Amino acid sequence: MALFLIIASLFFLWIISLCKIFLLPRAPFTKHFTLNGRALRKRNVLLVIAHPDDESMFFTPTINFLTARGHNVQILCLSNGDADGKGNVRKQELFQACASLKVPMQQVKVVNHPDLQDGFGKVWNHSLLAKMIEEEIISHCIDMIITFDNYGVSGHCNHRDVHYGVCSKLLHDTSRRDIEVWELVSNNILRKYSGPIDIWLSMFWTMLPSSVTMQCLVNEHSRRSLIAMAQHKSQWVWFRKLFVILSSYTYMNTLRKIK
Ligand SMILES: [Zn+2]
C-alpha cells in the first residue's frame, strides 16, 4: 500500500511538473538570456559539444529556446564519435538529429582530428580546441558560446576538455573578450534523473539572489528530444531511451553565465 502511494504521488508530481513546463514559456522570466542590453538583435550562438548525440541528450531545451526565437544556432561537434568505428554513420545521424531540432546541416560542423578522438582516457589538447573554436567564431561572427561546465553532465573527459578549451584557453589566451559564454550546469544524480520534477528546484536555484547569472530554459517541445535522439540509430538502445525519458535535461537546461 505504501509503495502504491509513493508511486501514485510521484506520478501526480510528474504530471503537475509537466504542466508547469508547458506553461512556463509563456511567462516573461527569461530576460537575461535574450535581452542583456541587446533585445532587438538576433544572436549568433555557437553550441560547442564533444560527440554526436550530446546535442540531443543534453542541450535540446536550449536549442529549442533559441531556434523558436529566431536566433542563429551553429553547432560545433569536436569529434565524430568514432570510439566504435562508426564515425561516418554518427556524423550523418548528427545532421539528421539537428534537422529535427530545426538546425540545418549547413550550420553543423563535425571535426575529425587525429588528436580529438572519442573515448575515455583520450586527453584532448585545450589549445587545439581553442584554435578550432576560434575559427568558427570568426567565420560565423559568433557573439555567444554555450558549452559544458567543468563536470560535463556525465563526467566524460571529452566533455570536460571541451569546457576547458573554451574557458581556460579561448577566453584567457585570445582577444575573444567580447563574447558572452554560458555553461550547462551539471546536476547531482538525483536531480539528473528526476525528469520534469526538477523544474521546481531549477527555478528555485535560478531565482536565488547571486552574483552569478543563472538561467533556466524549459523545453518548449520535449517530444523533440525523443525524436532527435531517435535519429542517432547507432546509439538508440534501451538505456538511452530510458535516459531521454527520465533525464531532467530533456525538460530543462540550467545555464550559468561565465562571462
Ligand atoms: Zn558526449
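**A tour of the sheet and its helices**

Select strand 1 (residues 44-49) and strand 4 (residues 144-148): they pair in the parallel sense over three bridges. Pairing here takes at least two DSSP bridges between two strands. Strands (E, at least two residues) and helices (H or I, at least four) are DSSP runs, numbered from the N terminus. Pick Leu46; its bridge partner in strand 4 is Ile145.

This is a predicted model: local features need pLDDT of at least 70, side-chain atom pairs count only at pLDDT 80 or more, and totals for chains, interfaces and linings use all residues. Residue numbers start from 1 along each chain as its sequence is written.

Seven strands form it, open and with mixed pairing, in the order 3-2-1-4-5-7-6. Strand 3 (108-110) and strand 6 (214-218) are the edges, each pairing on one side only.

Go to strand 6. Five bridges join it to strand 7 (residues 252-257), and the two run antiparallel. Met214 has Arg256 as its bridge partner in strand 7. Four of the five residues of strand 6 are buried, so it is largely enclosed by the rest of the structure. Buried means 20 or more other C-beta atoms, placed from the backbone, within 10 Å of the residue's own.

Next, select helix 6 (residues 126-140) and helix 7 (residues 157-173). They pack at about 75°, axes 8 Å apart. Axes are lines fitted to C-alpha atoms, for helices over the stretch in contact; angles run from 0 to 180 degrees between N-to-C directions. The two helices are therefore roughly perpendicular, a label covering 65 to 115 degrees.

Conventions:
A residue is buried if 20 or more other C-beta atoms lie within 10 Å of its own, exposed if 12 or fewer, and partly exposed in between; C-beta atoms are placed from the backbone. Angles under 35 degrees count as roughly parallel, over 145 as roughly antiparallel, 65 to 115 as roughly perpendicular and the rest as oblique.
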